[in-house]
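Thank you for passing this structure along for a second look. Below is a note for someone who is meeting it for the first time.

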Amino acid sequence: MLVLLNRFFIVILIFLVPFSVFSEEKKIDLLETNWSFNGLFGTFDRASLQRGYQVYQEVCSGCHSVQHLSYRNLSEKGGPEFSIEEAKAFASQFEIEDGPNSEGEMFLRNAKLSDKFVKPYPNIEASTAANGGAYPPDMSVLAKARAGGVNYIYSLLLGYEEPPIDYKLDDGVYYNKYMPGNKIKMSEPISDGIVEYLDGTETTKEQIAKDVSTFLVWASEPHLESQHRMGFKVIIYLIILITLVYMSKQKVWSQFVTKKNEEEETFDKIEKVVTEYEGEDPKTFK
Ligand code: HEC
């Protein structure tokens, strides 16, 4: 028994140690803001997603790809929900290489809804070379891949500050409060007014960071809203199922309880007769 208990504790320890190490690492408090998509009923703020797409295109897409998204995703339900015409217009602003044609040659054509987002560089090596030896990561799953998720991206975008005195920074390296190790090879990408929003929303740095972060969460989870709806349905289903199971359990067991009562009554009767009998003087017993 003791051996078993010991093993049990060892197994629990093995599971807990990585968690404690992990929580040690996440010491810096990330900035937070209220995200509309959090929680069981969370949905994306359409306007924010549309503005986020604009920020991505105008600011980030020069260095970062989002290779899993297609232009048609921009008009799908649960996303920025641009109209099909708008999405087509966005796509047609880009040229991609297609072919070969009947003469065996590759040619350039305008992008269509079915095409993936055009990448700024043909491959990782080219983008690393163009960015001073640092690779601007593809953003398709960035919001999921980093510890801290969307709050990390939001914080990182707002986390540029002057390095502490005597802090050594090489050329092309910047100080960021939220980057692990505080050194980042991306200069501060956003500032107040760097984009102009068509819907009149103020273009503060915080607003821009929030919009583009929202866009990146959607990019990494385009089906988040339908998953939330499904999760809600599953919970309702489970509640109904548990209620039914509980009710049938009550019903089934109630039979045994009444039966048991009957048995107890008969037993009581017998006992009564026996004590009455025992109490009598055997000599007078007829
Ligand atoms: C001039 C090119 C350039 C632009 C524009 C740019 N980035 Fe970057 N970004 C980089 C490079 C290079 C890195 C890699 C930095 C490193 O590893 O030190 C990076 C890294 C990142 C990271 C990851 C940090 C990590 O944890 O590894 C995030 C998040 C990010 N960029 C977001 C953005 C967003 C959002 C925008 C647009 C608002 C943007 N970037 C615009 C070049 C750029």
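The points that follow go from the chain as a whole to its helices, its core, the ligand and some backbone details.

1. Overall make-up. Please keep in mind throughout that this is a predicted model. The chain contains 8 helices and 4 strands, and, read from the N terminus, its elements follow the order α-α-α-β-β-α-α-α-β-β-α-α.

2. Burial and contacts. The chain has 286 residues, of which 20% count as buried. Among contacts in the chain with a separation of 6 or more, 59% are between residues 24 or more positions apart.

3. Helix 6. This element, which spans 149-158, is mostly covered, since 8 of its 10 residues are buried. The buried residues are Val150, Tyr152, Ile153, Tyr154, Ser155, Leu156, Leu157 and Leu158, and what covers them includes helix 5 and helix 7.

4. The pairing of helix 6 with helix 7. The axes of helix 6 and helix 7 come within 9 Å and cross at roughly 145 degrees, and the crossing is right-handed. On the side of helix 6, the residues that take part are Val150, Ile153, Tyr154, Leu157 and Leu158, and they meet Lys205, Glu206, Ala209, Lys210, Ser213, Leu216 and Val217 of helix 7. Sorted by class, this contact is made of 8 nonpolar, 1 polar and 3 charged residues.

5. The nonpolar core. The largest nonpolar core holds 35 residues, and those with the most contacts inside it are Ile153, Leu157, Ala209, Val212, Phe215, Leu216 and Ala219. Helix 2, helix 3 (84-92), helix 5 (142-145), helix 6 and helix 7 (205-220) each supply at least two residues of this core, with the largest share, 8 residues, coming from helix 7.

6. The surroundings of the ligand. Which residues are closest to the ligand? They are Cys60, Cys63, Pro136, Lys185 and Met186, out of 21 residues that surround the ligand. By class, the shell consists of 16 nonpolar, 3 polar and 2 charged residues.7. A cis peptide bond. Gly99 and Pro100 are joined by a cis peptide bond, with omega at about 0 degrees. Pro100 is found in the loop that runs between strand 1 (95-98) and strand 2 (107-110).

7. Positive phi at Asp166. Asp166 has a phi near 70 degrees, which is a positive value in a residue other than glycine. Its place is in the loop between helix 6 and strand 3 (174-175). Is Asp166 buried or exposed? Asp166 is exposed, because 5 other C-beta atoms lie within 10 Å, and a residue with 12 or fewer counts as exposed.

8. Positive phi at Asn182. Asn182, although it is not a glycine, likewise has a positive phi, of about 65 degrees, and it lies in the loop between strand 3 and strand 4 (183-184). Asn182 is partly exposed, because the 18 other C-beta atoms within 10 Å fall between the cut-off of 12 or fewer for an exposed residue and that of 20 or more for a buried one.

Definitions and conventions: Residues numbered from 1 in each chain as written. Predicted model: local features only at pLDDT ≥ 70, side-chain atom pairs only at ≥ 80, totals over all residues. Near = placed C-beta within 6 Å. Nonpolar A, V, L, I, M, F, W, Y, C, P; charged D, E, K, R; others polar. Core = buried A, V, L, I, M, F, W, Y, C linked by C-beta atoms within 7 Å. Contact = placed C-beta atoms within 7 Å. Axes fitted to C-alpha atoms, helices over the stretch in contact; angles between N-to-C directions. Left-handed = near helix turned anticlockwise from the far one by under 90°.
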